[in-house]
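Me: Please take a close look at one part of this structure and tell me what surrounds it. One connected answer is enough.

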Amino acid sequence: MSIDAIKDRIPDYAKDLRLNLSSLVNDVTLTPQQLAGTFVASALAARNDEVTSAIVAQFASTLSPEALTAAKSANAIMAMNNIYYRFVHMAGGEYSQMPAQLRMSVIAKPGVEKADFELWCLAVSVINGCDLCVTSHEKIVREALGASAVQTAARIAATVHAVAVTLQGSSALGD
C-alpha cells in the first residue's frame, strides 16, 4: 500500500487531511531523514497497520537501516515514557522527585544524530499527549533545529494520527 492509496481512502468529509498529508510528504523544513523518521515514528504511534505500512513503504528507502531502527526505537521508548511521565505529572507530589528506574539507554545512543532522534520522540509524545515529554523534547529540538522543525513535527504527528483515526472509523462505519 502507498500513501497515494491511503489518500484515496480518506473520505471526502476529511479531505483537509488528504491535502495536509500531501503537503507534508513534500515538506522541505526538515532534512529527508528527519521527515521520513518523523512520519515513521508518528505512524507507529498512531497504531494503524494500514497507515504504518503505507508510510514505511513511502519512506523506508530514505532511511538507513540505523535510522529506521532509531525511528522505531523513538516510538517504543516514548510509548513507555509517555505513560510513565503522564502519571508523574497527573499524580503530582513526591513522584517527580523519585528516580524513574526505567531503562532508557536508547535515548543516549539512538544510532542517529541526537537532534533527529529527539524530533521523532517529540512527534510520538505529541500523539501520546504527554505534557512533560513534549516540553522536554520541544526544548531540545527548538534549540538544535529551530521552531519550524518543532512545528513541522507536530503537524506531521497531528495529520498522521488524524488520518489513522479517520480510516479506522471509516472502516468501522463502512464509509
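Reply: Cys-130 touches Asn-82, Tyr-85, Arg-86 and Ser-125, leaving aside residues up to four places away in sequence; contact here means heavy atoms within 4.5 Å. This is a predicted model, in which local features need pLDDT of at least 70 and side-chain atom pairs count only at pLDDT 80 or more, while totals for chains, interfaces and linings use all residues. Residues are numbered from 1 along each chain as its sequence is written, and side-chain values use heavy atoms, with hydrogens and water left out.

Cys-130 lies in the loop between H7 and H8. Helices (H or I, at least four residues) and strands (E, at least two) are DSSP runs numbered from the N terminus. With a relative accessible area of 1%, Cys-130 is buried, where buried means under 20%, exposed over 50% and partly exposed in between (1.4 Å probe, protein chains only).

Cys-133 lies in helix H8 and also counts as buried, at 6% relative accessibility. Its contacts are Asn-81, Asn-82, Tyr-85 and Ser-125, again without residues up to four places away in sequence. The UniProt annotation "active site", from an unreviewed entry, covers Cys-130 and Cys-133; such annotations may be inferred rather than shown by experiment.

Tyr-85 sits in helix H5 (residues 65-91). Tyr-85 is partly exposed, at 24% relative accessible area. Beyond four places in sequence, Tyr-85 touches Ala-100, Met-104 and Leu-132 as well as Cys-130 and Cys-133.

Now the helices on either side of the loop. Helix H7 (residues 114-128) packs with helix H8 (residues 131-145) at an angle of about 145°, with the axes 9 Å apart. The axes are lines fitted to C-alpha atoms over the stretch in contact, and angles run from 0 to 180 degrees between N-to-C directions. Residues in this contact include Leu-119, Leu-122 and Ser-125 of H7, and Cys-133, His-137 and Val-141 of H8.

Of the 15 residues of H7, 13 are buried, so H7 is largely enclosed by the rest of the structure. At 1.5 Å a residue H7 should span 21 Å, and its end C-alpha atoms are 21 Å apart, which agrees; the expected span is 1.5 Å times one less than the number of residues. H7 is followed by Gly-129, whose phi is positive, near 70°.
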